[in-house]
Amino acid sequence: MHDAYEPVPILEKLPLQIDCLAAWEDWLLVGTKPGHLLLYRIKKDAGTNRFEVTLEKSNKNFSKKIQQLFIVSQYKILISLLENNIHVHDLLTFQQITVVSKAKGATLFACDLQLSPSGEAQLRMCVAVKKKLQLYYWKDREFYELQGDFSAPDIPKSMAWCENSICVGFKRDYYLIRMDGRGSIKELFPTGKQLEPLVVPLADGKVAVGQDDLTVVLNEEGVCTQKCALNWTDIPIDMEHQPPYIIAVLPRYVEIRTFEPRLLVQSVELQRPRFITSAGPNIVYVASNHFVWRLVPVSIASQIRQLLQDKQFELALQLANMKDDVEGDKRQQIHHIQNLYAFNLFCQKRFDDSMQVFAKLGTDPTHVIGLYPDLLPADYRKQLHYPNPLPSLSGAELEKAHLALIDYLTQKRSHLVKQLNDSEPSTPSPLMEGTPTIKSRKKLLQIIDTTLLKCYLHVHQRVPCVILLSLSSLQTNIALVSPVLI
């Protein structure tokens, strides 16, 4: 585990009970149980994790009951579920723009905002009214019906858009409803023992669906896209996706995990959290009945350092790809982490996986050969440096390692032969920075051929015909091979 976020108090001991949250940019909207709507401006102090919090507006007559809030900053509108109907207000003035009269009796809504390549926004909305699902789209400051109503098996308790489907959680089961004009319904699986189903939209267009303390990821066909479910330490109340992290609000704390690799990253103890919302990348708020915290990301550089110490290379690579560094520095760091990852795979004795990564990286083959005992001259091997001590290999493990090396070197040899006449061939990179590399392709080919011969002798000692066949295919300088071996 490492620290991905630091919780910072934003609002403390609010006298009104919080019932819902929404946020965008530097703004936080808080809906309270008495129906007051509070608008806060949250400004971060430069160079610190402190915030200046200002109450900009307090609308005490917004509604008798605020059930749900959703902000569409692209249209500067606030969509809300007030007293079982859908209202749209101006985001800055709170002046009402429209009411969806047909949605009277609504208990839940879910919005989907699609951005076209040109940057144009398209807003769709699904509203649950008893056992009906109503579909709308936004145009000219008004919601219009997208298509006819769909009948649902029960009253929806939770729902989210999933591309052109809507995943709906009812009291006992989850269903997928396709937006294909016919409202095709696919029954998924039971909700489990939890009191409320949980469906959360993800950043990649999929949905996370809860079944007790498990969470699975589904695509628009209702097919699970992850090999294994996430297993939380308690039943999640709410969730927010901040790639590469998925953040869940549990009854006593907030838990942060990753889908791939499946890791528990961090547990943050907070006083009875209930809600979570996001104002975009790296802006996350968590609230209890009377407190609001902001989860401030720990710097990516600090996270990567900790992850490399913990040998969590896959997650370190995801974070490195997200950095805003100069492109050359970014590539160099990613390449370094990939080499560490390949080296760690070798130390875990996952030889085939390790060789595949080294092959993609263009690592100097002699640095890879140096991972093995007795394949390089001792004086040259002493010049090579590795992140950690090399594993001790013998018997069947060493044979398996040699077989993986044979495949790797055969591939590298073929690549080098094709490059012999290139005017600007690719140059091998070091496994560890500062380690010398061999730039001569002919010399590299000689080392590879000699090493291949040694590997064949190690692996096929009792099958001399295989050795002879291999030798006939190695176009190497015969002086490099001991006459005794021939």
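Student: Which backbone oxygen does the side chain of T451 reach, and at what distance?

Tutor: A polar contact is a pair of N or O atoms within 3.5 Å; within protein, one must be able to donate a hydrogen and the other to accept it, and residues adjacent in sequence count only if both atoms are side-chain atoms. Here the T451 side chain reaches the backbone oxygen of I447 at 2.7 Å. This is a predicted model, in which local features need pLDDT of at least 70 and side-chain atom pairs count only at pLDDT 80 or more, while totals for chains, interfaces and linings use all residues. Residues are numbered from 1 along each chain as its sequence is written, and side-chain values use heavy atoms, with hydrogens and water left out.

Student: Where is T451 placed, and what does it touch?

Tutor: Helices (H or I, at least four residues) and strands (E, at least two) are DSSP runs, numbered from the N terminus. T451 belongs to helix α8, residues 441–459. Contact means heavy atoms within 4.5 Å. Not counting residues up to four places away in sequence, T451 touches I369, L375, L405 and L409.

Student: Is T451 buried or exposed?

Tutor: Buried means under 20% relative accessible area, exposed over 50%, and partly exposed in between, with a 1.4 Å probe and protein chains only. T451 has a relative accessible area of 1%, so it is buried.

Student: What surrounds H367?

Tutor: H367 lies in helix α5, residues 365–369, and is buried, with a relative accessible area of 1%. A polar atom of its side chain lies 3.1 Å from the backbone nitrogen of L431. The H367 side chain also reaches the backbone oxygen of P436 at 2.8 Å. Leaving aside neighbours within four places in sequence, the contacts of H367 are Y380, L384, Y386, P430, L431, T435, P436 and T437.

Student: How many bridges join β12 and β13?

Tutor: Strand β12 (residues 132–139) pairs with β13 in the antiparallel sense over seven bridges. Opposite Y144 in β13 stands Y137.

Student: How are aromatic pairs classified, and how many are there?

Tutor: Rings of Phe, Tyr and Trp (its six-membered ring) pair if their centres lie within 6.5 Å; planes under 30 degrees apart count as stacked, over 60 as edge-to-face and the rest as tilted. By this rule there are 13 aromatic pairs. One of them, Y136 with F143, is edge-to-face, at 6.4 Å centre to centre and 65° between the planes. Y136 is buried at 2% relative accessibility, and F143 is buried at 8%. The ring centres of F343 and Y386 are 5.9 Å apart and their planes are at 15°, so this pair is stacked. It links distant parts of the chain: F343 is in helix α3 (residues 327–347), and Y386 is in the loop between α6 (378–381) and α7 (395–419), 43 residues apart. Both F343 and Y386 are buried.

Student: Which residues form an aromatic cluster?

Tutor: Y136, W138 and F143 form one aromatic cluster.

Student: What pairs with strand β20?

Tutor: Strand β19 (residues 207–211) runs antiparallel to β20 and is joined to it by five bridges, with G210 opposite T215 in β20. Two bridges join β20 to strand β21 (residues 230–231), also antiparallel, and L230 in β21 is the bridge partner of T215. Four of the five residues of β20 (residues 214–218) are buried. The hairpin of β19 and β20 has two residues between the strands, and D212 takes a positive phi near 60° there.

Student: Which residue takes a positive phi in the hairpin of β6 and β7?

Tutor: K76 does, with phi near 55°, in a hairpin that has four residues between the strands. β6 and strand β7 (residues 77–82) pair in the antiparallel sense over six bridges, and V72 has I77 in β7 as its bridge partner. Strand β6 (residues 66–72) is mostly covered, with five of its seven residues buried.

Definitions and conventions
Two strands pair if DSSP finds at least two bridges between them.
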